[in-house]
Every structure is written in structure tokens, then in C-alpha cells.
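The sequence and the model are shown first.

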Amino acid sequence: MLDFFTIFSKGGLVLWCFQGVSDSCTGPVNALIRSVLLQERGGNNSFTHEALTLKYKLDNQFELVFVVGFQKILTLTYVDKLIDDVHRLFRDKYRTEIQQQSALSLLNGTFDFQNDFLRLLREAEESSKIRAPTTMKKFEDSEKAKKPVRSMIETRGEKTKEKAKNNKKKGAKKEGSDGPLATSKTAPAEKSGLPVGPENGELSKEELIRRKREEFIQKHGKGLDKSSKSTKSDIPKEKGKKAPRVWELGGCANQEVLDYSTPTTNGTPEAALSEDINLLLVFLIPSPSFVHVLQIRGTGPGGQLQDLDCSSSDDEGATQNTKPSATKGTLGGMFGMLKGLVGSKSLSREDMESVLDKMRDHLIAKNVAADIAVQLCESVANKLEGKVMGTFSTVTSTVKQALQESLVQILQPQRRVDMLRDIMDAQRRQRPYVVTFCGVNGVGKSTNLAKISFWLLENGFSVLIAACDTFRAGAVEQLRTHTRRLTALHPPEKHGGRTMVQLFEKGYGKDAAGIAMEAIAFARNQGFDVVLVDTAGRMQDNAPLMTALAKLITVNTPDLVLFVGEALVGNEAVDQLVKFNRALADHSMAQTPRLIDGIVLTKFDTIDDKVGAAISMTYITSKPIVFVGTGQTYCDLRSLNAKAVVAALMKA
């Protein structure tokens, strides 16, 4: 039984709706629009909202959406057929009203579709009942039951006897087939020294192979010998000098080319090298102003984070190299441009298949997880299928533009985390703002916690660092070193005697949840603005450590839970985030468990343009990337620029 079926335009006008139950369909449909359609996650045509399963179909030609909802405990096999039939009939019946493409015409139009829908629903239900469930085949009906028991009993010596009989039969067949040819080929066999005659009995397998090989060489080897002789005779020979050897697939050794007798060092003249050394010495001994520039690099005026810039100098060189080639083949470029044009026709799956395959391979090569690359391409195909193209637009450019728009939309998820605004809101309530960092081992949680501490200090907030990593040796000492360095950069003398950064530690082997609770209480009493909780690194499959992390988050209820992941991972990013969220949900004692709120992406400076991990992490969690780590100093912290990441991702 269906709960509802609704048809609405992409502009938000509901054209027709069927209500199977008294509950309203507004909430589930709005959740579908907000979580799937607006977020470009249309790769899968089903969506689950609370106790309902929603299936939908997009009509890109007329900008329509068909949605059906039913209880997720039911398995309705006719739903896909019903959506296709309703889509086809509704388009054909109200084509003229829809083609006017104006909101006023759609509002004034009357879509009396109730009787047609009930007829299609009844036909779909009857067609599903006609298909009787397949019954399992009994043992009496199988072929094994028809065999006698004696034929299935095998003795030890029977197999060897059967093999010997089969080998004799095969040998007799070969003798019969080779009989007429044996008389004509005795001469070459005698020359080659092969044993021929009845006294030798049957030929072995190796002798037969050797005989056939020699016959093949005698037939086809004459042409090869002639060609090899002609190539040898063409090579000129000089008297008294040994000619250098010339390889067929290689180049020749030319002594003039290999002469590098000019005074150079590593391919550069010595004069230029000495100037470079002088310049290098200038940068190795910086002035005090240069040190000050290093300290404030990465933060704008007022401690604001700079946007991430993924452009490189290779792009400029590539554009300069492509300019001369474009002027040479102007005519060829014109015909190549006209070759892929689509003249005002609707796109089909066959038109986009080759382009989408290349796009999927390109995304996987850029470190996007394989499953997510497939879902992205499927979402683009659903978005463009049936869409009418312009006269001067190619399939490749249209698919690429749609994929870029989808990627930008994915990197700008539903919730935007603004830490500075939230911290000021917590200050008005006279309580500290608590941030918990979690992640696997070795991704840089403590280092990026120190970077975020420096960023908060630059914005004038006091920070308390809670050392809750009581498992790893040296974790507390690492945070103590960071606290000492940050205190040197922001001493109390510059802030009216107020301590801006402090470490709260209780040693090793203690309960992390208890230490975090004491740190939050200490920060509330001492007036600290922010509490940054550092946790131990743990693999996503370690159940005891994941239980301890869920306990820490449930007991202390932090304002923000940040997952720290490195940009080097591909498919592993999906596994880590899915299992972290699942473990937090399973091991939480609350009725509505607290999951990951945002992502810190580290080691972004080591991946060049392979930025696919950002897409994978954001797609799988629908959570924003709050910070991006781009180096090893306190200033190497950026905010994510979605367009720059997508440009680097789409770069060939």
C-alpha cells in the first residue's frame, strides 16, 4: 500500500498529489529535496526518511519530479513500474500545459489524474500478483536422483584405467589423421634426426611438437631469411673502421650530441650558479622582519583564515605551451569543434556513456573513492537524461559543466560551521565552547589542534587544551611543547596579564572522559573561552577504543566534534568515516546519538591536484570541511575554497 504519490515541478509547484494515508507528505518530500535534490546526490533513486522509503524519478525535459512513498518495512516490487507508467502517461496527457513553461499556466491548469493513477496502480498490483513465487526444486526432480547408486561409487583403480583408455583412443585418432601426410614428410623428418618408423612405436608428445615446429619453420622461414639478409646488406661498411651498431627501435650514438665539455654544473653555467648561491644565502639568513612575516603568514587581518588556493605554476606553463599549437591547426580545430555539436536534441544515456566513463576514471585517478565516483556520474546522468541541448553545445562540455556544479554543491553541504560566531554566542552565555578532535592514528590531530589554537589566539580568545590522549607515549609532552611555544607567541604581558593558553593534564592511564569533564569545569571557573579536547588515535575497527570515544562525547556533550583525516587516503576515507559514525551511534547511551559535525583535512600540501579525498569525505557524511592543513607551521591553516578544489579536481 502506498502512503502517497506526488508530482511537482523543479520550481516547487505541486501539480498533483495522491494521499493513501491521512499523514501529510510535506515533511518527507521536503527532506528529499533538501538532502538529495539540492545536494546533487541523485545517484540512487531511493531515499529513506524515518519510517518511509521514497522513490523518485526526474524528468529533465519538462523539469518535473515524480515521488512515491511507502513504509520501508514493505517490499513493493511494482513501484518502479508504476513510476515509469505514471511518468509516461502524465507527460503524454498534459504535454501542452507543461510545454508552456510558465508558473501561471501550471497554476491555472487542471490536472485531473486521479482515475488514471488508480487504474495504473491497480494494473501494477495485479501484474505483481501474477508472478507466482518460484518454488525450490525437490531432490526427486534433479538429475542426480535419476542416476543409480552404483554409478556414483568410485573405486581407486577405475580412474587410471579410464584415463589409459582415453589416451589410447586419442593416439589412434592422431595416427589415422596423420597417415596420408606421413609419407610425404618423411624426408624432412629424416634430415632433422627425428625417429621415424614402426620400430619406435607411437611418437611422444614432445616429439610431435618438435616435428610440427620444424615443419612450420621450413614453410615460413624462407621469407624471414630473405628479409634478414636484405637488411644486413643495406648497412654500409667502411674499411678500417668499425661502424657503430644501429638498433632497429632505438637511436644512434652521436658523439657530437654527447659532448658536454663546456664548464657547467648540473646543466647551468658556473656564473649563473654563483648568483643563485648568493641569493640562497640571503634567504637562509632572514632578517627579523622576515621572521615576523613567517609568523603571520596564513592569517588575514584580524586573524581571519585565507581561502585554500589549489592553482599551481604548471597551469601557466601548460597554457603557454598550448598557444603555438592552436595557431598551427586552425582548420582542424574548427572541424574538431563542429564534430561534437548536438543540434537541439534531448540527451540519452547512450550519448553520455563514453563521456561519463572517462569522467569516472578521471575522478578515481584524482583520489576520489571508486563507489563515490560511480554515484557522482550516475547522479549527473540522471540530471541530464532527457534534457534538450542547445545548437552550439557539445556533450562533453555539458557533462563536464554539470559535474562541476554537482561537485561545488557537494563541497557546500547543508550546515556551515562558523566557530567564531559560535564562540561569541557561548561567551554571552558565560560558558566555554568545547571542541573534540577524533580520528585514526598518525593523521595529525595534535598538530592541527595547535594550529587551531594559534588561530583562536590571533582572534583574541583564550584556549584551554585538554590532554585526553592518555594512551600514546609522548602525547602529553607534545601538547606541553605546543603550549609553551604558543605562550611565547602570545605572552600574558600583551593581554593585560591574562593567560591566553594553558594545558590541562592528568598524566597517562586515566579515564579520558573524566579528564575532559574536569577540564571543562576548570575552564568554566577560570574563564577560558574555548576548550580543545585532544583524544587518542584509534582505528575504526577497534571496538573498545570506539566505545571510550562514544562515552567521552556522550558524557561531555561538546559543541563541535571534528574528525581529523588526511588528504592522502582514497577509498579508506569512506571506510573511516562510515565506521566512526556507526561506532558513535552504536556505543552511545543517548537516544539521539551525537555524530561527527565537521572535518579537518590534513596534509593537503602533499597531494598536488589529487584532491579527491575532500569530495569523498564530504559526500559520505554531508558534513563540511571546516579547516585544511597545508604545512607544518602554526600559520599553515586554511578554509576550504570549493571552486578552487573543483578546478584542481577537473584539471587534466
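A residue counts as buried when its relative accessible area is under 20%. In this predicted model, Trp-16 has a relative accessible area of 7% and is therefore buried, and Phe-113, with a relative accessible area of 0%, is buried as well.

**Aromatic pairs**

The structure holds 16 aromatic pairs, and two of them are set out below, by the distance between the ring centres and the angle between the ring planes.

| Pair | Centre distance | Plane angle | Geometry |
|---|---|---|---|
| Trp-16 and Phe-113 | 5.5 Å | 85° | edge-to-face |
| Tyr-94 and Phe-111 | 5.0 Å | 75° | edge-to-face |

Trp-16 belongs to strand S2 (residues 14–19), whereas Phe-113 sits in the loop between helix H4 (103–108) and helix H5 (114–130), so that this pair links distant parts of the chain, 97 residues apart. Tyr-94 lies in the loop between helix H2 (79–93) and helix H3 (95–99) and Phe-111 in the loop between H4 and H5, so their pair ties together parts that are 17 residues apart in sequence; both Tyr-94 and Phe-111 are buried.

Helix H18 (419–428) and strand S16 (625–629) each supply at least two residues of the lining, and the largest share, three residues, comes from S16.

Technical notes
Residues are numbered from 1 along each chain as its sequence is written. This is a predicted model: local features need pLDDT of at least 70, side-chain atom pairs count only at pLDDT 80 or more; totals for chains, interfaces and linings use all residues. Side-chain values use heavy atoms; hydrogens and water are left out. Helices (H or I, at least four residues) and strands (E, at least two) are DSSP runs, numbered from the N terminus. Rings of Phe, Tyr and Trp (its six-membered ring) pair if their centres lie within 6.5 Å; planes under 30 degrees apart count as stacked, over 60 as edge-to-face and the rest as tilted. Buried means under 20% relative accessible area, exposed over 50%, partly exposed in between (1.4 Å probe, protein chains only).
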